[in-house]
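The following exercises concern the structure shown below. Each consists of a task and a solution worked in steps.

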2 protein chains.
Amino acid sequence: MAGGRRGRVTLRDVAERAGVSVTTASFVLSGRHDMRISAATEERVLQAARMLDYRKRLVPGTAVPTGAPAIGLISDVVATEAFGGEMIRGCISAATERGHVVFLTDSEGVDELEESAVRALLARGVDRFVYATLGTIEYRVPEALAGQRLVQMNNVDPGGGVPAVLPDDHRAGREAAEALVAAGHTDGIWLVGEVSARSYAAGKRLAGIRAGLRAHGLRLAGHVRCGWWPGESRAALASLLAEGWRERERPTAVIAMNDRAAMGVYQAVAAAGVRVPDDLSVISFDNSDVARWLDPGLSSLALPYFDIGRRAVELLLDDAAEPRVHKLAMNLRSRGSVTAPSRIPSAGPGRFPGRR
Amino acid sequence: MAGGRRGRVTLRDVAERAGVSVTTASFVLSGRHDMRISAATEERVLQAARMLDYRKRLVPGTAVPTGAPAIGLISDVVATEAFGGEMIRGCISAATERGHVVFLTDSEGVDELEESAVRALLARGVDRFVYATLGTIEYRVPEALAGQRLVQMNNVDPGGGVPAVLPDDHRAGREAAEALVAAGHTDGIWLVGEVSARSYAAGKRLAGIRAGLRAHGLRLAGHVRCGWWPGESRAALASLLAEGWRERERPTAVIAMNDRAAMGVYQAVAAAGVRVPDDLSVISFDNSDVARWLDPGLSSLALPYFDIGRRAVELLLDDAAEPRVHKLAMNLRSRGSVTAPSRIPSAGPGRFPGRR
């Protein structure tokens, strides 16, 4: 992992770091899919590009100056949980460009730790803060931050008044529906994943999905209300498959509420001899690592975490920033999991992978 | 995610936060497997326990004092990549107990950013540091940290002289081999995952595996030299399966170098109609989220990241700490992926999932 060389980053730097040809790196970074590139190679190229992004943005020879101003990045569990790290990377990237360092603290959602961290940063002259949450939620920032220069990252104050940066989950829901309709799916589109009132993202995604289908005179054929973890969606789908969809519309496609729920769908249908995408198309949200790791690769609406982090810091350092919500698009990352519809076979009682 | 209540944490707090019964929470936390608990439920219980761990350790009403001393946690990509967050959680946990706050910075492995972060922390009176790397590596810490009170976390100075905390990968390798031998495997044990000179962990794991087998007069039947990502191990295994193991000893078990490589093994054998564990046992290292998500659950030697983080901070705050390497055990987390041996069928040319 240790540091790089001086100068600007070239495509060759990325290719060398990833251990692939310049052509391969170029194909991955330009998002072309007319060349067979393994998920692992894509993974290495994208990671190398992210890592080297810093050097590209560092003017040769000039690092952040000694005594540089610092930004306090206050988070619940973004650094300690697995999924939101790209938000931090985005913050560091933008802060570095503007000559700031970032001090990060995770409170694990414990009020006392959050307050201690804020006070400790204030005591050291830090006066600009990004407040980050792993989940996209409505959240009133803590007292200790009142009156400080602040941007909310992946969370929004229900009362407004603080600039906030969020992913556009509603639009992502619409695009998930559009992608399936464009592939020919009509009356066999199921949703997998519960929509709890506590999840801001879930509500927006569902509303977007319904709007997207409504625009074509369509509606969801069914909704599997299960948790967003592989074991939960796997067990729920296995039960439905075992029933052979008797009283239900058999699905031609599934929209999973996140990639991990989609992983459970893959497992349940595989255990029942149903093939993705031949028998069942699957599309999902987040574009986390799992989407690249699944076989076939999972088409997923990408959380723009890196850009969310960059935008949050840019707004923080731009004192003219309006206290409004900035929504960033979640773009579809197409892989092999969506194709033309074909009714999934009536399976009859099968294995219950989730019940092992 | 937002904060908790005063007072000590009870098993009921964990159960409530996880949304399970107190009995279920108790079974998960005590590691009992004589009750069927889904991977998702286990996931929720373990996460709730980790989150609430802080409250358990916070004496009611007393938070870290204003102007508390701070520890600088300098890392390459531990906060921004997905896998090492529990090290950070462990650092915060131990620091909180001892009245310290933790300021974290990720340098992405860019020397200038690392130096800037260290200088910025020094300029604010921070004089104790933990130097963390995501990969377990030999690493000489940067000049800027020379003379500072320092502990290396998941990395070690080849010259010694700095206290370091590492996972015991050699012992983990031995225990992986022992677990397969104990299940009855003898001459059909394959290793999956390249062993590069750059990876400290890989070399130790391989040496441990060989020592463990040697103790029983056994040796590896073969070694699939592929990358440690699902797509790479999937493609490599698919090729071998398609060859039908003609000139090779057919495997009864696979030791994967990490959980992601094991995921690719699951995918390749599933595509060839080979069942885990019935036809092939699989064991691996890390016990990352993926090990819980796979179907069947993957038996894996757990990286003790949380304890590594706690130990690093304890050593840092204990000025009497010797400058030696502290190795923490990687314990086997048994799931459903290992059973008695049965030769995998000679498959003949099959699908090449990795070549899609």
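## Exercise 1: a helix and its buried residues

Task: In this predicted model, state which residues of α7(A) are buried.

Solution. The buried residues of α7(A) are A:Tyr200, A:Ala201, A:Ala202, A:Arg205, A:Leu206, A:Gly208, A:Ile209, A:Gly212 and A:Leu213. The helix itself runs over residues 200-214 of chain A and has 15 residues. From first to last C-alpha, α7 of chain A reaches 21 Å, close to the 21 Å expected at 1.5 Å a residue.

## Exercise 2: the open sheet

Task: Determine the strand order of the open sheet of chain A, and identify the helix α6 contacts with this sheet.

Solution. Step 1: the sheet has 6 strands in the order β7-β6-β8-β9-β10-β12, and the pairing is mixed. Step 2: its edges are β7 (222-224) and β12 (332-333) of chain A, each of which pairs on one side only. Step 3: β7(A) pairs with β6 (residues 189-192) of chain A in the parallel sense, over 3 bridges. In that strand β7(A), A:Gly222 is the bridge partner of A:Trp190. Step 4: helix α6 (residues 169-182) of chain A packs on the sheet, where it touches β6, β8, β9, β10 and β12 of chain A. The direction of α6 makes about 165° with that of β9(A).

## Exercise 3: the nonpolar cores

Task: Name the residues that touch the most other members of the largest nonpolar core, and list the contacts of B:Leu73.

Solution. Step 1: the largest core has 103 residues, and those touching the most other members are A:Leu73, A:Met153, A:Ile255, B:Leu73, B:Met153 and B:Ile255. Step 2: leaving aside residues up to four places away in sequence, B:Leu73 touches B:Ile88, B:Cys91, B:Val102, B:Phe103, B:Leu104, B:Thr105, B:Val130, B:Ala132 and B:Met153. Step 3: a second, separate core has 55 residues, including A:Ala238, A:Ala268, A:Val274 and B:Val269.

## Exercise 4: backbone exceptions

Task: Locate the cis peptide bond of B:Pro277 and examine the positive phi of B:Asp286.

Solution. Step 1: recall that most peptide bonds are trans and most residues other than glycine have a negative phi. Step 2: the bond from B:Val276 to B:Pro277 is cis, with omega near 5°, and B:Pro277 is in the loop between α9 and β9 of chain B. In chain A, the bond from A:Val276 to A:Pro277 is cis, with omega near 5°. Step 3: B:Asp286, in strand β9 of chain B, has a positive phi of about 110°. B:Asp286 has 14% relative accessibility and therefore counts as buried, the cut-off being under 20%. Step 4: B:Asn287 has a phi near 50° and lies in the loop between β9 and α10 of chain B. At 17% relative accessibility, B:Asn287 counts as buried.

Notes: Residues are numbered from 1 along each chain as its sequence is written. Chains are lettered from A and ligands numbered from 1 in the order in which they are written. This is a predicted model: local features need pLDDT of at least 70, side-chain atom pairs count only at pLDDT 80 or more; totals for chains, interfaces and linings use all residues. Side-chain values use heavy atoms; hydrogens and water are left out. Helices (H or I, at least four residues) and strands (E, at least two) are DSSP runs, numbered from the N terminus. The expected span of a helix is 1.5 Å times one less than its number of residues. Buried means under 20% relative accessible area, exposed over 50%, partly exposed in between (1.4 Å probe, protein chains only). Two strands pair if DSSP finds at least two bridges between them. Contact means heavy atoms within 4.5 Å. Axes are lines fitted to C-alpha atoms, for helices over the stretch in contact, and angles run from 0 to 180 degrees between N-to-C directions. A nonpolar core is a set of buried Ala, Val, Leu, Ile, Met, Phe, Trp, Tyr and Cys residues joined through side-chain atoms within 4.5 Å.
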